[in-house]
Amino acid sequence: MKKITMIIAAVSVCLTLASCAEAPKNLDEESRGFEDIELVRGHCDRAGYENLSKLEADSDLIVVGEFVGDAAQNVDYDYDVNFDKDIVVNVMSTGTLRISKVIKGDIEEGADVDVYQRCGIVDGRLITFSGLTPMQNGDEWLFFLKKGTGVEGYWCSSDTFGRYPVPNTENAPMPLSGSPDLGVYSEEDFNRNIYNEIVEKYDI
Amino acid sequence: MKFKKRIIPMIAGTLTAILLTSTASAHDGDFLGGKYIGKSGANILLRICESAQTSLLTKDGVYEGCFDWNGISSNVNVKMAWAVPGMPSLKDEMLVMGMYFTDENDFGGTLFYDQNGNPMDSNLDSNANLDWSFIRIYMNTNEKAFKNSSCRDATEAARKTFIHEVGHALKLSHPRMNSYLTGHTYYGGRPQAVMNQGYPGAYNYAVSSTVAEHDKSCLIAKWGV
């Protein structure tokens, strides 16, 4: 009886250990960085694109890529007499994009490029001038990128016009967004008409 | 006498109908809720910082475009002052800064602050209680933002951007894109408005270079006649 009990216990332990090893990654844990963060959105005026053709023409790179590593951020402050202190006036993040597919542009698959985004976390708050959700390690998107003036890196072409979901790809959860699969905070900022053209034209 | 008794209510009713009609193209989401803390209405003083006084941005009335918002609502009064070296700060001034952005598609923007100088979320709906203390407007001093092949005139584009950002300071939002909404007859269900994003004339002339009728109706809906 004792032997049977020990065998059952041993098998139970083994099964438990095996189930832990094979348990799917808890993506919720990975997004815990944004669970308790307040979203603070500024407003911007930007150019737009009426259709895919114009977006393609104005973009220097059209690629599929994955964010690798953590984004670095820079915060600008300025003294304001009304508050008698330095206040946040701008934030910018730089992420590394590893290219897996090139549709347009003089760049190789496997290359890394810097992608800029006007957002950053300050005092536990995500301050953003971008309609796109932040870059997260491991996220994969289709990008239309425009080179920044005088710098090596790129911007998503006119922000929300420059990043789209890759079909059948699941990215990390983004609790701050009502439409996380689209990569925007608000679905009305998603350029559905251009995305429909993309799906029809591109093999991704 | 009987005629007078009838005609006055008729005139009042007609004027009321006209007033209501003038705000008919303003929709939920076209403007933000809340007010400026400590102010009656939207009486704002914009100080154009030296950083924002580039050669492109100081010509042909770019910043004077903010006055296009005056004369529409009696509760809205936009004033402007040019900052010069040694000029002391003005009470309740809101700064317009120049910032160089390498993103050539970024024309300018606005950030909103509470009474403690902390940035506030500005993208909530008309019903949100969003009382601001101050705003800061920035203009991109990278001239390539306004000298693009899609842009028909650099000065016009810069002026439009400033008027647009002042519109945000007056708590107006980007118009909804919905062709079922009154007046949203332009490209993609837009109204013609300076509060649309983009270069003037874009989206088949939906982007207005200055304050358009839809903008006026939104301003009145927000701040009153």
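A residue counts as buried when its relative accessible area is under 20%. In this predicted model, Cys119(A) has a relative accessible area of 3% and is therefore buried. Cys44(A) is likewise buried, its relative accessible area being 3%.

A disulfide is a covalent bond between the sulfur atoms of two cysteines. The search of the whole structure, over all chains, returns 0 disulfides. The assignment requires a pair of cysteine sulfur atoms within 2.5 Å. For Cys44(A), the closest cysteine sulfur belongs to Cys119(A) and lies 12 Å away, so the pair is too far apart for a bond. For Cys119(A), the closest cysteine sulfur is that of Cys156(A), at 10 Å, which is also too far for a bond.

## An open sheet in chain A

Chain A contains an open sheet of 3 strands in the order E1-E7-E6, with mixed pairing. Its edge strands are E1 (38–41) and E6 (119–122), each of which pairs on one side only. On average, neighbouring strands of this sheet are turned by 25° against each other, direction ignored.

Strands of a sheet pair through backbone hydrogen bonds, either parallel or antiparallel. E6(A) and strand E7 (residues 125–128) of chain A pair in the antiparallel sense, over 4 bridges. Within this pairing, Val122(A) stands opposite Arg125(A) of E7(A).

The structure holds 5 cavities of 30 Å³ or more. The largest cavity has a volume of about 70 Å³. Its lining includes Arg46(A), Tyr116(A), Gln117(A), Arg118(A), Ser130(A) and Leu132(A), together with Trp155(A), Cys156(A), Asp159(A) and, from chain B, Asp103(B). By class, the lining residues of the largest cavity comprise 4 nonpolar, 2 polar and 4 charged. Cys156(A), one of these lining residues, also carries the cysteine sulfur closest to that of Cys119(A).

The second largest cavity has a volume of about 50 Å³. Val89(A) and Phe129(A) contribute to its lining from chain A; from chain B come Met97(B), Met99(B), Leu111(B), Tyr113(B), Arg136(B), Ile137(B) and Tyr138(B). Strands E3 (93–99), E4 (106–113) and E6 (134–140) of chain B each supply at least two residues of this lining. The largest share, 3 residues, comes from E6(B). The lining of the second largest cavity has 8 nonpolar residues, no polar residues and 1 charged residue.

## The largest pocket

The elements that give two or more residues to the pocket lining are strand E2 (43–46) and helix H5 (192–201) of chain A. The lining of the largest pocket divides into 15 nonpolar, 20 polar and 11 charged residues.

## An enclosed helix in chain B

Helix H4 (residues 213–223) of chain B is largely enclosed by the rest of the structure, because 8 of its 11 residues are buried. The buried positions in H4(B) are His214(B), Asp215(B), Ser217(B), Cys218(B), Leu219(B), Ile220(B), Lys222(B) and Trp223(B). Just after H4(B), Gly224(B) takes a positive phi of about 95°.

Definitions and conventions: Residues are numbered from 1 along each chain as its sequence is written. Chains are lettered from A and ligands numbered from 1 in the order in which they are written. This is a predicted model: local features need pLDDT of at least 70, side-chain atom pairs count only at pLDDT 80 or more; totals for chains, interfaces and linings use all residues. Side-chain values use heavy atoms; hydrogens and water are left out. On a 1 Å grid over the protein atoms alone, a cavity is a set of points where a 1.4 Å probe fits but cannot get out, and a pocket is an open set with protein on both sides within 12 Å along at least five of seven lines; lining residues have an atom within 4 Å of a point. Grid points are joined across faces, edges and corners, and a volume is the space filled by probe spheres set on the points. Ala, Val, Leu, Ile, Met, Phe, Trp, Tyr, Cys and Pro count as nonpolar, Asp, Glu, Lys and Arg as charged, and the others, Gly among them, as polar. Two strands pair if DSSP finds at least two bridges between them. Axes are lines fitted to C-alpha atoms, for helices over the stretch in contact, and angles run from 0 to 180 degrees between N-to-C directions. Buried means under 20% relative accessible area, exposed over 50%, partly exposed in between (1.4 Å probe, protein chains only).
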